[in-house]
Amino acid sequence: MAGNRSLHAANKAKEDEFYTELSDIENELKHYRHHFKGKTVLCNCDDPRISNFFHYFSYNFEQLGLKKLITTCYKNQNRDLFSQNDSERAIWLEYYGDKNGNRVPDPEEIGIHYFEGDGDFRSKECIELLKQTDIVVTNPPFSLFREYVAQLMKYEKKFVILGNQNAITYKEIFSFIQNDQLWLGSTLSFAKFKVPDYYEPKATRFWIDESGQKWRSMGNICWFTNLDIAKRHEDLILYKSYNPDDYPKYENYDAIEIKKVTEIPMDYNGIMGVPITFLDKYNPEQFEIVKFRKGNDDKDLSVNGKCPYFRILIRRRQRAGDVVETFHETSLQVGQSLHYEQPETALPMAAEEEAEYGK
Ligand SMILES: C[S@@+](CC[C@H](N)C(=O)[O-])C[C@H]1O[C@@H](n2cnc3c(N)ncnc32)[C@H](O)[C@@H]1O
């Protein structure tokens, strides 16, 4: 059993090699430029010799006004595109910007250091680098996403990281979202990644280009951050009106079911269950997250005998000048205090949680 588990973990780790395109990094990070001035940035799952995160920050070092860039790689010291993870010692790089005026990070301007260990982001020496850092930016291994985020939270770091939308459904991650400690970034739902040669071909979302390079694409990629971005302050424009036929109530919670985020009614002030894609439009000044997924009986929300996929229970925030509707028995007047359910506290790391929630 233990053998099976470690084999499973090893297989999952092998599936962690997805290399982020420079254009995807540029498209997201242009929304954060003002955050980087005078800051130390760490890319801690990145072979500095091939990572586009290292490329982005080293080539934009002066424009962003960075103080320092640290990049660490995991195990591998070879210059191959894809880490074979076969060397127990790894390197890390530090860069303080251009010295000779050519605005290019030359090799002699980059400090190369050897780790004692393998460069695991959880190791003591990597944590020492994390402590010196203001903002962490990378695409971490998806198989370790919970642990990765938990570590960033523990050391109270700012971050912009790429991940899979499935992570939203992890209890720990959702808890951070609900508590306003983490939100979705600006761009992306689809992304393509170079993958190593040993990756098995797939029937869909897989191709080999003319140079023989293997690629995979995913339609459910998103950025997770705790840095403020403009999108987080933009209201979702609502145009539908509530009626009880189009918006049935759940059997196990006093809230209405909304099938599409664009169909959130503009005149309903009770609790509403929305798909997780809502988070891409979430402005905490417009809506409040009340609860995730479960009804009062602690089972998945159900409507007409069916459980729609992962609903988030939300409520519109009352703002001065809002008309307070009368459809809902618990409607409140503007200014009256609201008693929402307390958010669930973060649960301890559960290695098998993914299996419980499915992918
Ligand atoms: C999804 S890939 C992304 C690589 C790179 N950040 C990029 O975006 O192009 C995740 C990387 O994390 C590395 N990795 C896996 N486990 C790690 C660990 N425990 N500590 C640090 N890096 C790890 C993998 O080798 C892999 O290269």
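Four strands, in the order 12-13-15-14, form an open sheet with mixed pairing, where two strands count as paired if DSSP finds at least two bridges between them. Strand 12 (255-257) and strand 14 (287-292) stand at the edges with a single partner strand each, so one side of each is left without a neighbour in the sheet. On average, neighbouring strands of this sheet are turned by 35 degrees against each other, direction ignored, with axes taken as lines fitted to C-alpha atoms and angles running from 0 to 180 degrees between N-to-C directions. Strand 12 pairs with strand 13 (residues 271-275) in the parallel sense over three bridges, and Ala255 has Ile271 in strand 13 as its bridge partner.

The model is predicted: local features need pLDDT of at least 70, side-chain atom pairs count only at pLDDT 80 or more, and totals for chains, interfaces and linings use all residues. Residues are numbered from 1 along each chain as its sequence is written.

The chain holds eight helices and 15 strands, which are DSSP runs numbered from the N terminus (helices H or I, at least four residues; strands E, at least two). Of its 359 residues, 31% count as buried, a residue being buried if 20 or more other C-beta atoms, placed from the backbone, lie within 10 Å of its own.

In helix 2 (residues 22-29), the residues Asp24, Ile25, Glu28 and Leu29 are buried. They cover an arc of only 115 degrees around the axis, which puts them on the same side of helix 2; the arc is that of the directions from the helix axis to the C-beta atoms. The elements listed below are among those that cover these buried residues, with contact meaning that two C-beta atoms, placed from the backbone, lie within 7 Å.

| Element covering helix 2 | Residues |
|---|---|
| Helix 3 | residues 52-59 |
| Strand 6 | residues 158-164 |
| Strand 8 | residues 191-195 |
| Strand 11 | residues 221-225 |

Val137 lies in strand 5 (residues 135-138) and is buried, with 27 other C-beta atoms within 10 Å. Leaving aside residues up to four places away in sequence, Val137 touches Val41, Cys43, Phe53, Phe159, Val160 and Ile161.

The ligand is surrounded by 21 residues, of which Thr20, Cys45, Tyr74, Asn139 and Pro141 are the closest, where a residue is near if its C-beta atom, placed from the backbone, lies within 6 Å.

Notes:
Buried ≥ 20, exposed ≤ 12 C-beta atoms within 10 Å, placed from the backbone.
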